[in-house]
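Here are my notes on the model, point by point. Please read them with the structure open.

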Amino acid sequence: MSRVHIIGAGLSGLAAAVRLIENDVKVTVYDSAGRAGGRCRTFFDKHLEREIDNGNHLIMSGNKSSLSYLDRIGSVDPLTGPKFAIYPFVDVKTKQRWNVRLNEGPIPFWVFDEKWRVPNTKIIDYLRAAKIAFANDEKTVADMVDPKSPLYERFWEPLTLAVLNTTPEKGQAKLLWRVIRETFLLGGQASVPLTAKTGLGHAFIDPAVKFIEQHGSIVRLGARLRSAWMEGGAVTSLNFSDETVTLEEGDKVIFAIPPSRLKQLLPDIDPPGDDASILNIHYRFGRPVPKTTLGDGPFLGMVSSAAQWTFVRDDVISITTSASDALGTDDMPNDQVVSQIWGEVCVALDLGDSEYERVRVIREKRATPDQSPAGVKKRLKPETAYRNLFLAGDHTDTGVPATIEGSIRSGDRAAELVMRAQG
């Protein structure tokens, strides 16, 4: 019986495996790491003595592929969030607080209500920004949105940093519009922000691995692919550090690995760069964190600060700074950036002069692929020059940014192509 060999046990590879297994296809998933999950994982940090995620992620209620994936792998009650589409913000410099609250339904009545729209903005600001819907492939977000508008600093910049992991001056407007079209444009029912209740790994990874193994397929960890042998327009063998796997007639392969690693295995391709970084800092507070500033959700948006998003889970405060390479925080020593951001967190969460007990800094140097117009042009098609080799990953041409949603869609797409090739 033919088998699909999936290289990479991140979200893309796992999503492909799940989709194939649902269609009675046997798979083996390989990963060089000692655990599955890639950039989406939960682990016990010995210094903090707490479970943390390597990074923080928001999922939107309109992310249909993500929610379908969670349902299909049997992930039980994995997400948490407010009842409505509400986003709390604080300006750390001025200490002004506000909520962006989207109404249900596609007609954006919320922009007519000063209580729910961004402070100091007018309806005309939103109308002018609507031209982002007509951006071509070459335009950045800053090309389509007025940088002098108060909506820029308090909406467009945080949104671009969070979704594209780059600044509005670099991020492709068309790619950001795809997210807006599938979420905010559809109204509050598609825009509720959700986070993993107990951890990304518990929600997205562990149930998927269990699903794969319960259906008679295999997840092999600690298996690093050194090379792939091609002959006659097809992959014929996979050479791992401890064994060589010879492909049988009808076997297929999916590479679900980052661009830099993919380039090592397929030197002739030209993928987008993947050196856009994210800074994550996890503070153990020592007691349950007061949530009065958070409202009904587990997170808070921050502007006029190095920190951009603060997430709270019990006594752990986790902050995220996207595009840390472009914004300069990658160049700051750990003790300096920890001190500065803690001061910002104390303002954001109204903690006064409180001290944290312990801290862990995680710098993801290769968090996402380049999502500038030039980088998006380099996104790879899932088909390759080899008839039995397909690609998955958030660097492939999914039509959406490099997010959890994009990763899962890429895995689904690669699985569909495999099944089509099998007839």
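1. Over 50% it is exposed, and in between it is partly exposed. Keep in mind that this is a predicted model.

2. Start with helix H10. It covers residues 334-348, which is 15 residues. From first C-alpha to last, H10 reaches 21 Å. That is close to the 21 Å expected at 1.5 Å a residue.

3. Which residues of H10 are buried? They are Val 337, Val 338, Ile 341, Trp 342, Glu 344, Val 345, Cys 346 and Ala 348. Note that Glu 344 is on this list.

4. Next, the pair H1 and H7. Helix H1 spans residues 11-22 and helix H7 spans residues 200-214. Their axes come within 10 Å and cross at roughly 35°. The crossing of H1 past H7 is left-handed. On the H1 side, the contact is made by Leu 11, Leu 14, Ala 17, Val 18, Ile 21 and Glu 22. H7 contributes Phe 204, Ile 205, Ala 208, Val 209, Phe 211 and Ile 212. By class, the H1 contact with H7 has 11 nonpolar residues, no polar ones and one charged residue.

5. Is Ala 135 buried or exposed? Its relative accessibility is 9%, so Ala 135 counts as buried. What does Ala 135 touch, beyond neighbours within four places in sequence? Its contacts there are Met 144, Ala 173 and Lys 174. Ala 173 is 38 residues from Ala 135 along the chain, yet their C-alpha atoms are separated by 6.2 Å.

6. Finally, the whole protein. The secondary structure comes to 12 helices and 20 strands. The radius of gyration is 22 Å, close to the 22 Å that the globule rule gives for 423 residues, so the protein is as compact as a globular protein of that length. Along the principal axes, the C-alpha atoms fill a box of roughly 65 × 50 × 40 Å.

7. Two overall percentages complete the note. Buried residues make up 58% of the 423 residues. Take the contacts between residues at least 6 apart in sequence: 69% of them join residues at least 24 apart.

Key
Residues numbered from 1 in each chain as written. Predicted model: local features only at pLDDT ≥ 70, side-chain atom pairs only at ≥ 80, totals over all residues. Heavy atoms only, no water. Helix = DSSP H or I, 4+ residues; strand = E, 2+ residues; numbered from the N terminus. Expected span 1.5 Å × (residues − 1). Buried < 20%, exposed > 50% of the residue type's maximum accessible area, 1.4 Å probe, protein only. Axes fitted to C-alpha atoms, helices over the stretch in contact; angles between N-to-C directions. Left-handed = near helix turned anticlockwise from the far one by under 90°. Contact = heavy atoms within 4.5 Å. Nonpolar A, V, L, I, M, F, W, Y, C, P; charged D, E, K, R; others polar. Rg over C-alpha atoms; globule rule 2.2 N^0.38 Å.
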